Amino acid sequence: MSTIAQLSSKGETMSYEWKDGLIELVLHRTPCNEIGSRSLDELERFSRALETLTQPTHALIIYSDLKCGFCAGADLRELYERSRAMEKKDAAKGVREFLERIHHALNVIDAAPVTTIAAVHGVVFGGGFELALACDLIIADKTARFAFPELRLGLVPGFGGIPRLKRDIGNAVVRDLLLTGRSFNTTKAQQIGLVSQVVAEGESLRAARATAAQLAKFDHETAAAAKRFIKPIPHEELKREIDLFCELFSRPAVQAGLKKFVESTDAQPYLP
């Protein structure tokens with residue numbers, strides 16, 4: 001059983017707190033909330049607390065307090081360095097285990113019996129985009145940009161982005177983002193139904209909190225039942241995504257792409 005004390009934690013990469021029926025998870029790993037082993041450990045800790053939540057709770061808000069944006073995606077430097085230090089078969093096994101763990105954590109957020117809101121700005125790329133897609137609502141300030149740049153590395157999104165985007169929007173948008181690697185701004189994102197609100201720069205968290213306050217007026221059990229009805233978890237497609245990612249990861253072209261990324265002198269090599 002979770003207690004309020006257990007739902008308050010400050011970590012190296014993220015922190016969370018329960019207060020008055022609202023949970024806020026803030027990402028704060030520099031340079032841009034890249035998701036590596038430490039981030040995954042702390043995300044799993046949060047998901048375990050969320051799974052056993054007993055307090056009356058109406059909403060969860062996930063946001064970043066870094067200027068760069070919400071999240072630049074997976075920690076590709078760590079992925080490259082770990083894979084280079086291992087035998088090929090061990091590296092492939094390690095990648096699969098990492099993906100299975102993060103899929104479980106994101107599935108917990110996706111299926112949580114509370115309304116989940118991603119309040120985003122700036123960079124919302126790769127794994128960061130996939131984290132936002134696990135939420136019920138995305139509220140974006142006008143600086144937000146959404147992309148799956150994995151194609152540049154010879155990969156596909158691996159944190160569940162393809163099935164969730166397909167579930168929420170449709171194949172045409174999935175093909176555009178996946179096959180071109182280009183980014184969408186908030187105007188485009190709102191046009192295609194990816195985000196529910198677009199607000200002024202720096203206002204996404206305020207808007208998310210205002211939305212959460214509105215949610216508090218409704219019956220929580222009814223909202224949870226409605227969410228289960230309209231938002232099924234695409235478990236089989238998520239499993240196939242992991243298989244595809246692992247298959248592609250073993251290709252020499254991927255290792256070359258990761259090497260190029262790691263050796264880049266660009267301050268923001270994740271930008272398309």
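**Aromatic pairs in the predicted model**

Phe129 counts as buried, because its relative accessibility is 0% (buried means under 20% relative accessible area, exposed over 50%, partly exposed in between; 1.4 Å probe, protein chains only). Phe148 is also buried, at 2%.

The model is predicted, so local features need pLDDT of at least 70, side-chain atom pairs count only at pLDDT 80 or more, and totals for chains, interfaces and linings use all residues. Residues are numbered from 1 along each chain as its sequence is written, and side-chain values use heavy atoms, with hydrogens and water left out.

Rings of Phe, Tyr and Trp (its six-membered ring) pair if their centres lie within 6.5 Å; planes under 30 degrees apart count as stacked, over 60 as edge-to-face and the rest as tilted. This rule gives 5 aromatic pairs. Phe129 and Phe148 are stacked, because their ring centres lie 4.6 Å apart and their planes meet at 25°. The pair links distant parts of the chain, 19 residues apart. Phe129 lies in helix H4 (residues 126-133), and Phe148 in the loop between strand E9 (145-147) and helix H5 (161-168). Helices (H or I, at least four residues) and strands (E, at least two) are DSSP runs, numbered from the N terminus. Phe129, Phe146 and Phe148 form one aromatic cluster.

Phe245 and Phe249 are a stacked pair, 6.4 Å centre to centre with 15° between the planes. Both lie in helix H10 (residues 235-249), 4 residues apart, so about one helical turn separates them. Phe245 is buried at 8% relative accessibility. Phe249 is buried at 4%.

The charged end of Lys188 sits over the ring of Phe184, 5.5 Å from its centre (NZ of Lys or CZ of Arg within 6 Å of the ring centre and within 35 degrees of the ring normal).
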